[in-house]
Every structure is written in C-alpha cells, then in structure tokens.
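Student: I am new to this structure. Please take me through its sheets and pockets, one question at a time.

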Amino acid sequence: MLHSYVKLDNGGRRHILGGKVKMEETEMRAYRFPTLIAAGFMLLGASVAVAQSYPTKPIRLVVAAATGGTPDILGRIVGQKLYEQTGQAVIVDNRPGATGNIGADVVAKAPPDGYTILMASSVLAISPAFYKKLPFDPLTNLTPVTTVASQAMFLFVHADSPVKSASELIALAKSKPGSLNYASFGNGSPQHVAAELLQIIAGMKLVHVPYKSGGLMVTALISGEVQLMFLGLSPALPHVKAGRLRTIAVASGKRSPTAPDVPTFAEAGVPGLVVGNWFGVLTTGGTPKSVIDKLHAEIVKAVRAPDTTERIAQQDLEVNLSSPAEFAAFFRAEIAKWAKVVSVAGIEPQ
C-alpha cells in the first residue's frame with residue numbers, strides 16, 4: 001500500500017521511500033479526494049436511511065393548548081391519520097399555559113430526531129413580542145414543518161348597535177375615544193392583536209377587556225359588557241342567525257367561503273387589516289432535513305385525505321398546507337409583523 005512507504009518532510013512535501021519520485025501536497029490531495037467522496041456518500045446514505053425508516057417508534061405530539069381547544073382537536077385529527085399511515089402511535093401531550101410557550105419549550109428542548117412535534121397556533125408568532133425573554137428561541141430552537149389549517153376572524157357587534165360597517169365603527173370610535181370596549185382571549189391572543197392593529201390603521205382608541213373563552217366573549221357582547229370583538233365564525237354564528245349579533249367584516253385577504261356575503265376589511269375601506277388564526281406543525285431545531293421532509297409528506301398526505309379534510313372543515317377551519325420553507329418564511333414574517341404592532345401600540349413586554 002502507498003501509505004506504508006510515504007513520509008512527510010519539513011517542507012510539507014511527501015516522498016516515496018526507496019525511490020526518486022517526489023509528491024507535492026497538491027498531488028496528495030488527489031489521493032485524499034476519493035476518500036472524502038466516499039465519506040460524503042456514506043453520510044448521505046445514512047441520512048437517506050434515516051428518512052426511509054422514519055418513524056420507527058411512537059411520535060409525541062405536544063399541543064400547546066388545553067384539551068378540547070381547536071389546536072387539541074386538530075392535533076388529534078391529524079395524529080389519528082398519521083397512526084393509520086405509519087403504524088406508529090401518536091401520543092398527544094397537552095401542555096397549555098404561558099400563551100403556548102410551555103408546550104413550545106418542551107419541543108424546543110427535545111432531541112432533534114422528529115419524534116417530538118408541536119401543534120401550534122398563531123400565538124407562537126405573537127407571544128415573542130409580549131415577553132422580554134423566552135426560555136427558547138422560536139426561530140432557531142424550532143423548525144417549521146407545515147401549516148395545517150387556518151381560521152378567518154370576523155368583527156362582530158351587537159345587533160342593536162348603530163354600526164353596520166367598518167367605516168361606521170371607526171367614525172363612532174373616533175367621536176367617542178376610549179368609550180368602546182372590545183373582547184379578546186387575553187394579552188397576546190389573535191383577537192387582541194387584531195384589535196390593536198385596527199386601532200393603529202384607523203387611528204382610534206378602544207378599551208381592551210380580556211376573557212377566558214370564546215363563549216364568554218360572545219356572552220359579553222350580547223349583554224353589552226363590550227361593544228365589539230374579533231372571533232372565528234363558529235362560536236358566534238348561532239347568535240348571528242338568531243339576530244343577536246351582526247357581522248361587520250372579515251380580517252382576511254379574501255372573503256370567507258363560509259360567509260361569502262361578509263366583506264373583507266380592504267373592501268370596507270380598511271386595507272392592511274389581515275389577521276387570521278393559523279395552526280401548524282413544528283419540530284425541534286436541528287432535526288435532519290430528510291426527517292423533516294418525510295414528516296412533511298406524511299402530514300400533507302394525512303390532511304389531504306377526504307375524511308380528514310371534512311373533519312377539519314367541521315371545526316370552522318380551512319385546510320392550509322405549506323412546504324417547510326414556505327412555513328419558515330411565513331413564521332419569520334409573522335414574528336416581525338406582531339413585534340412591530342406591539343411596539344407601535346405601546347404595549348410593554350412582560
């Protein structure tokens with residue numbers, strides 16, 4: 001073998017002992033290059049093997065919300081289908097609290113192997129603006145896999161309110177600064193930041209009144225405790241049909257297929273008010289791309305199954321899938337967007 005007869009002199013050159021042929025360092029790279037290629041193929045082969053075998057054990061699906069909430073229901077729908085497709089159990093682990101950050105922290109600190117995944121909502125991108133310091137970095141300690149579904153948010157008022165459009169609401173609020181109350185799920189909720197964004201765009205002042213559930217928000221609006229609220233259509237729809245509540249506009253880029261007669265804010269003369277509640281799957285930062293791609297493919301397959309799509313629609317949700325790269329770009333943009341809104345609104349981080 002060549003290695004048995006080569007030595008290195010002080011000039012960095014290699015010589016074949018017992019002969020007169022000299023080999024410069026650049027020449028020796030030619031001998032090392034095939035070895036490097038072989039090592040590269042070995043690593044690539046190992047990565048492919050991991051992706052092909054994944055998953056080989058149960059998957060832990062952390063839901064950053066309480067049992068019975070939309071993220072929990074959506075997580076169980078997707079988890080059941082993943083089990084049917086892969087044969088591996090999907091164990092739902094509810095970790096509510098701290099605006100979703102407790103559950104996110106569990107996944108952020110898990111082994112980066114794709115066996116701990118997070119069902120998150122849009123609060124994951126909002127909450128960094130409300131906290132001075134988080135126990136994890138959402139952009140580096142978590143890896144987006146795919147968005148799964150989205151939920152349009154509508155602006156509601158009491159049916160007896162003189163307000164029948166977004167422009168009339170703005171005019172009323174400006175004529176009586178600080179006299180109108182709005183309901184939300186609490187600081188850092190999509191409903192909260194939607195109202196804050198509306199105030200910034202329209203140049204008006206509202207009073208924030210937080211509640212613990214959508215049901216309590218609806219009750220507060222019907223009773224007159226508050227004068228408006230942003231919420232998904234489903235909890236309020238029975239009251240709209242009964243003539244107790246009125247739908248003013250939808251905070252999305254296009255009209256909702258479930259309420260096609262309701263205009264968008266842009267159509268109502270308030271451009272830029274696009275706020276939706278999205279739900280997506282992320283996993284631990286540093287998870288191999290091959291595993292991310294396999295996990296993405298399985299989730300997309302699960303969500304696109306007709307029975308899954310139907311069950312998602314029953315939750316007042318619209319299927320909204322994306323690639324890992326698309327989700328990552330969207331996630332970064334959402335974090336930046338809400339950080340700016342919170343700053344302009346003058347909200348002090350906790």
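Tutor: First, a term: two strands pair if DSSP finds at least two bridges between them. Helices (H or I, at least four residues) and strands (E, at least two) are DSSP runs, numbered from the N terminus. The model is predicted, with local features needing pLDDT of at least 70 and side-chain atom pairs pLDDT 80 or more, while totals for chains, interfaces and linings use all residues. Residues are numbered from 1 along each chain as its sequence is written, and side-chain values use heavy atoms, leaving out hydrogens and water.

Student: In the open sheet of five strands, which strands stand at the edges?

Tutor: The order in this sheet is β10-β9-β11-β8-β12, with mixed pairing. An edge strand has a single partner, so one side of it is left without a neighbour in the sheet. The edges are β10 (207-210) and β12 (245-250).

Student: Which residue of β12 is the bridge partner of V157?

Tutor: β8 (residues 154-158) and β12 pair in the antiparallel sense over five bridges. In β12, V157 is partnered by R246.

Student: What angle does the direction of α7 make with that of β11?

Tutor: Axes are lines fitted to C-alpha atoms, for helices over the stretch in contact, and angles run from 0 to 180 degrees between N-to-C directions. Contact means heavy atoms within 4.5 Å. Helix α7 (residues 214-223) packs on the sheet and touches β8, β9 (181-184), β11 (228-231) and β12. Its direction and that of β11 make an angle of about 155 degrees.

Student: Which are the edge strands in the open sheet of six strands?

Tutor: The strands follow the order β5-β4-β6-β13-β7-β14, and the pairing is mixed. An edge strand here pairs on one side only. The two are β5 (90-94) and β14 (318-319).

Student: Which residue of β14 is the bridge partner of S150?

Tutor: β7 and β14 pair in the antiparallel sense over two bridges. In β14, the partner of S150 is E318.

Student: What is the volume of the largest pocket?

Tutor: On a 1 Å grid over the protein atoms alone, a pocket is an open set of points where a 1.4 Å probe fits, with protein on both sides within 12 Å along at least five of seven lines; lining residues have an atom within 4 Å of a point. Points are joined across faces, edges and corners, and a volume is the space filled by probe spheres set on them. For the largest pocket it is about 860 Å³.

Student: Which element gives the largest share of the lining of the largest pocket?

Tutor: The lining has 34 residues, and those closest to the centre are A65, T70, P71, F185 and N277. Elements giving two or more residues are α2 (70-86), α6 (190-202), α8 (233-241) and β13 (276-284). The largest share, three residues, comes from α2.

Student: In which loop does P55 lie?

Tutor: The peptide bond from Y54 to P55 is cis, with omega near -5 degrees. Most peptide bonds are trans. P55 lies in the loop between α1 (25-53) and β4.
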